[in-house]
There are 4 protein chains.
Amino acid sequence: MNTFGKYIRLTTFGESHGPAMGGILDGMPSRVQIDRQRVQEELDRRAPGRQPNTSARREPDKVEILSGITDEGLTLGSPIGFIIRNCDAHSADYAGYQEKFRPNHADYTYYKKYGVHDFRGGGRASARETVNWVVGGAICRQWLETFGIKVSAGLIETNNIADTASKGDSTGAIVSGLIEGLPVGVGEPVFDKLSSRLAAAMMSINAVKAFEYGDGAKAAEMLGSQSLDVSFIDAATGKVSFNANHSGGIQGGISNGMPVNFKVYFKPTPTLMQQVETIDAAGDRVVIDPKGRHDPCVAVRGVAVVEAMALLAVADLMRIQWHDNV
Amino acid sequence: MNTFGKYIRLTTFGESHGPAMGGILDGMPSRVQIDRQRVQEELDRRAPGRQPNTSARREPDKVEILSGITDEGLTLGSPIGFIIRNCDAHSADYAGYQEKFRPNHADYTYYKKYGVHDFRGGGRASARETVNWVVGGAICRQWLETFGIKVSAGLIETNNIADTASKGDSTGAIVSGLIEGLPVGVGEPVFDKLSSRLAAAMMSINAVKAFEYGDGAKAAEMLGSQSLDVSFIDAATGKVSFNANHSGGIQGGISNGMPVNFKVYFKPTPTLMQQVETIDAAGDRVVIDPKGRHDPCVAVRGVAVVEAMALLAVADLMRIQWHDNV
Amino acid sequence: MNTFGKYIRLTTFGESHGPAMGGILDGMPSRVQIDRQRVQEELDRRAPGRQPNTSARREPDKVEILSGITDEGLTLGSPIGFIIRNCDAHSADYAGYQEKFRPNHADYTYYKKYGVHDFRGGGRASARETVNWVVGGAICRQWLETFGIKVSAGLIETNNIADTASKGDSTGAIVSGLIEGLPVGVGEPVFDKLSSRLAAAMMSINAVKAFEYGDGAKAAEMLGSQSLDVSFIDAATGKVSFNANHSGGIQGGISNGMPVNFKVYFKPTPTLMQQVETIDAAGDRVVIDPKGRHDPCVAVRGVAVVEAMALLAVADLMRIQWHDNV
Amino acid sequence: MNTFGKYIRLTTFGESHGPAMGGILDGMPSRVQIDRQRVQEELDRRAPGRQPNTSARREPDKVEILSGITDEGLTLGSPIGFIIRNCDAHSADYAGYQEKFRPNHADYTYYKKYGVHDFRGGGRASARETVNWVVGGAICRQWLETFGIKVSAGLIETNNIADTASKGDSTGAIVSGLIEGLPVGVGEPVFDKLSSRLAAAMMSINAVKAFEYGDGAKAAEMLGSQSLDVSFIDAATGKVSFNANHSGGIQGGISNGMPVNFKVYFKPTPTLMQQVETIDAAGDRVVIDPKGRHDPCVAVRGVAVVEAMALLAVADLMRIQWHDNV
């Protein structure tokens, strides 16, 4: 349940205000060169307080890799265990939240599902969990680079974030993703399609409400004659290419050698810097006076998370295909 | 790889023009009353040639249940095996397709991935596979009904399908889905969120390019203050309710008791009743003169498939939650 | 739950007296040449009534392969679905068994676990299920042969079976197994050791009470100085070899290039040709007068089943290792 | 691959001489009371240097639980992450082992499988990994106790260990296991039988060469008439009982309410306090002069490990059955 992937699997743990976050990345091949410093840099990129429009919470977020990689940076083929200590958790900020269900948060559903919930910072439901994904993704990235595969993402602003933040409000936004250099044949037909795995990966991200690839939602309004990807032999390379990329690089769930492009839609941060009404676990009406530090637009830091999840999804499918194609 | 679900698992097989399609539904609890006739009726609903704007291919599509259900219709707790014979496969229609890569189809990617491909009707990549899903979903539906859970879907036409068909073209369309009566607490946090499982389920459907739930893609343009689902105690029922359903019934990946609503975007059928250029396995330029029978809009029959996949996803997550909530 | 394996996975279904047994073998690589006739021959070898000391039940046991293999016998990389009809099920023989718990059978435990049980021939608990394993194993064998891997098994008689049978009694026996030609490196450390997977495979077989490999149970009485496998470079081949094979070809759960040898201990057939006392579902004391046809020693036909399960276990682990070693 | 279990899953990491061992126990229900001190005590029981006939290596082996349990000791339903630092790793002891294949160890097979190996203390192949299992098992034990389930194990000495140790030799031994209080119905038929899962669990333990339950290997020499477990209604309790327990508490792979008894056979510790010949990675003949601290009989500390693995196997199967039986 807390595992993503079948062949390269990331299993994670951690509550937002517990002692540490962490995970185990299992299935990575041996003899892959991993630069620990680059893993840390990816974590820094996600960290709050490093970018405009992110929360002021400043955490060192130092990843400690505990196994699976030699001192020389070579993977052993054994599971890569890691932890990130939670150093800057201001639990006191959440004292007033105790047993209060914050609107659009997971407090109510967790409380009902488990009969107990760590209300401090959302506990397991917190986006803090994504530090684990970034570490896992950063390791996968270095393996995928050996095949020339590149994963990137970018923010598409829909409302002015700074404006919004100054009013104590929050806003949604879009993150676009791009996978380049993927060989033909990645993705398992039927239920483990590359498109299906990417969708599952992106919808795992807190606050994501929609996913599309290639022509996306627009495809529903198109005619067949308007959306053909006609294949031909590229005279320059002698290889199969396509005159367009309506398919977004995926046909029948399998990569076709074209770039894979997709979009991920984030809802606004549910925590506002405004008083909001709600109920508590006893069913009494209460008012929440927000005191925590929150991003006005989660998609800003979501860019690194979209990359991480795409890296994990692609690495997982490459792990099995890689062999079969040799 | 050909399995959907973790607790209630559907594993399927079958090529479009092979002897039969089939599957195994494993994990269904014992002593569930299953009406075989209703399973057959759901299959009939999906069948081609029964609705306007679907292909003329007429297959009996009779499901034969081979295990797991007593003569009296009671599940045994053992796996439910079933097959559907392929009776009306006009393989001759595909003679001219041999080794030709149909545009926007999976021919090229399958051929490259496996080094061999059943070109007749798309082989394993054919939407014929969805008969298996409909059978699996129909059995799950009868179990979910015992909890008062109802899954339905409907077509949202974007272009006039009849018009399109008359011109030898095809069109995309949207299918909306609705899950009613779901108790609070269904969905596993982090990587098996209800939203993530639904997305994976829908993106498994051939021709689907986008998935959204609740406010969906629009959420990316909204402000936080515009999208609050404020909880209150419903005076009539004494239960927790929400003033709106921006969340689409899911918070933190877990159902919150409100209806779950989602949309699935289908691209146009890639096979046109027009000549199209492409290349073949030898890399030679060839022209395809379509002869098969194809739906001008796959979303028409996709309605039954969207329901089936939603049923499978919900049943799977209910299987574990059901116990924990008792 | 009804699936064996992680990379090459056999999922099965079928009750002893239902319409058919069957399964899906998923994960087999594409372009493997499969001789359907040889699959049938392996099934014939397991069949009752073909050997001395097996039950008189004569079933055609014809396997029908429904997908995943071309007419020319080439695997497509898609799941291989198959069924075997239950033609010769004398349900009438079991009329008197209805709701009676046969001693040492699974009737009582199934009935308590599921609240419903197919008492005819043991339903899902019947050894008839092993026809599915033999089909799966037979396909795996043909793939493993391309690597020079050979799996065989033989019967070690402990009591005289014919004697026993003539007295209406039954007897246990031992089946020895041998895996030859396995390359170094097969088996995943820690929880998916080759030894652990073989043990799980063998203990899945009805009537098996013990498993051992290499020195086996005797190792518990040995001194370290008596059980060393000292490695050296074989002058003839230039390759690493060992002066002995106490390890049974497995070190740290991974094959070391030596033959893998193991033993499987079968208990006596629990059904005797004698009256036995028991209770029924109502808790009343009843007497069972056996009428079915039963083998006096299940290990006789168990030889083919031991081979099948060893083939499935080895193929599964080869599937991932094969790639990594290239 | 480094995960045990399907519903309650333990995923582990750690090399013997790396910074830490650790794991994630996922799937534990919420609101289970866990006494952290008792978890530590189970770890102490396994620790070396606390018992006669174990190695002198003294490690604090302090488990740090990082998530999933509240300060008050209540499980949250989220994954339980934990680490145990490797404090007393005398890597220098292993300097002379570098690239030398110790007989009956996993050095050769790991080196060949991965192309790289952490020779210090056996790396991932070390029995040090079992600290993770003991932590996971100790948490499961506290949950199982709420059902009245008790798991215990004991040493059966075959040779005099002290004698052996004084000669620089090592010896094998037997560990017997007992599961009491298990309700009827635990174990999934066919491939996840309670017996099969126990066997897989035990064969995961380094040095184990054989597993048996109930009558075990002896069953192969018995007649059917000698091994009947006849059921009757116990007059005292009004419940179903059996006149004997040849079945070892398991019928058709499912618990029948009788005690589950089994035996696990350990080979002698492969490291002797004697010079042994072997080859190194270059294929050269070398002599190993052992310097590490090793137990003359691994089964002594194996008792705690057998209990841990039995606890994990039983908890996993109880997790699904528990619900179904309510």
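**Buried elements, ring pairs and symmetry**

Reply: In this predicted model, the buried residues of H5(D) are Leu194(D), Ser195(D), Ser196(D), Arg197(D), Leu198(D), Ala199(D), Ala200(D), Ala201(D), Met202(D) and Met203(D).

Me: How many of the residues of helix H5 of chain D are buried?

Reply: Helix H5 of chain D covers residues 194-203 and is described as mostly covered. The number buried is ten of ten.

Me: Which residues have the most contacts inside the largest nonpolar core?

Reply: The largest nonpolar core has 136 residues, while a second, separate core of 134 residues includes Leu312(A), Leu182(B), Leu198(B) and Ala315(B). As for one of the residues asked about, Phe262(C) touches, among others, Val175(C), Leu178(C), Ile179(C), Leu198(C), Met202(C), Phe211(C) and Val306(C), leaving aside residues up to four places away in sequence. The residues with the most contacts inside the largest core are Leu198(C), Phe262(C), Met202(D) and Phe262(D).

Me: Is strand E8 of chain D enclosed or open, and how many of its residues are buried?

Reply: Strand E8 of chain D spans residues 208-213, and it is largely enclosed by the rest of the structure because its buried residues number six of six.

On one hand it pairs in the antiparallel sense with strand E8 of chain C over three bridges, and on the other, five bridges join E8(D) to strand E13 (residues 260-266) of chain D, again antiparallel. The buried count for E8(D) is six of six.

Me: Which residue of E8(D) is the bridge partner of Ala210(C), and which residue of E13(D) stands opposite Phe211(D)?

Reply: The pairing of E8(C) with E8(D) is antiparallel, and within E8(D) the partner of Ala210(C) is Glu212(D). In the antiparallel pairing of E8(D) with E13(D), the residue opposite Phe211(D) is Val264(D).

Me: Which strands form the edges of the open sheet in chain B?

Reply: The open sheet of chain B has five strands with antiparallel pairing, in the order E1-E2-E3-E5-E4. Inside that order, strand E3 (residues 20-26) and E5(B) pair over six bridges, with Ala20(B) opposite Arg85(B) in E5(B). The edge strands, each of which pairs on one side only, are E1 (3-4) and E4 (63-65) of chain B.

Me: Why is the ring pair of Phe101(B) and Tyr111(B) classed as it is, and what is that class?

Reply: A search of the whole structure finds 42 aromatic pairs over all chains. For Phe101(B) and Tyr111(B), the ring centres are 5.7 Å apart and the planes stand at 55°, so the class is tilted. The pair ties together parts that are ten residues apart in sequence, because Phe101(B) lies in the loop between strand E5 (80-85) and helix H2 (107-114) of chain B and Tyr111(B) lies in helix H2 of chain B. Phe101(B) counts as buried at 5% relative accessibility, whereas Tyr111(B), at 24%, counts as partly exposed; the class of the pair is tilted.

Me: What class of ring pair do Phe242(C) and Tyr108(D) form?

Reply: The pair crosses between chains, from strand E10 (residues 240-242) of chain C to helix H2 of chain D, and both residues are buried. With ring centres 5.8 Å apart and planes at 70°, the pair is edge-to-face.

Me: Is Asn104(D) buried or exposed?

Reply: Asn104(D) has a positive phi of about 60° although it is not a glycine, and its place is in the loop between strand E5 (80-85) and helix H2 (107-114) of chain D. Another non-glycine residue with a positive phi, of about 65°, is Arg31(D), which is partly exposed at 48% relative accessible area. Because its relative accessibility is 8%, Asn104(D) counts as buried.

Me: What kind of axis relates chain A and chain B?

Reply: Chain A can be laid on chain B with an RMSD of 0.0 Å by a turn of 180° and a shift of 0.0 Å along the axis. The two copies are thus related as by a two-fold rotation axis.

Conventions:
Residues numbered from 1 in each chain as written. Chains lettered and ligands numbered in written order. Predicted model: local features only at pLDDT ≥ 70, side-chain atom pairs only at ≥ 80, totals over all residues. Heavy atoms only, no water. Buried < 20%, exposed > 50% of the residue type's maximum accessible area, 1.4 Å probe, protein only. Helix = DSSP H or I, 4+ residues; strand = E, 2+ residues; numbered from the N terminus. Phe/Tyr/Trp six-rings, centres within 6.5 Å; stacked < 30°, edge-to-face > 60°. Least-squares fit on C-alpha atoms with pLDDT ≥ 70 in both. Core = buried A, V, L, I, M, F, W, Y, C linked by side-chain atoms within 4.5 Å. Contact = heavy atoms within 4.5 Å. Pairing = 2+ DSSP bridges.
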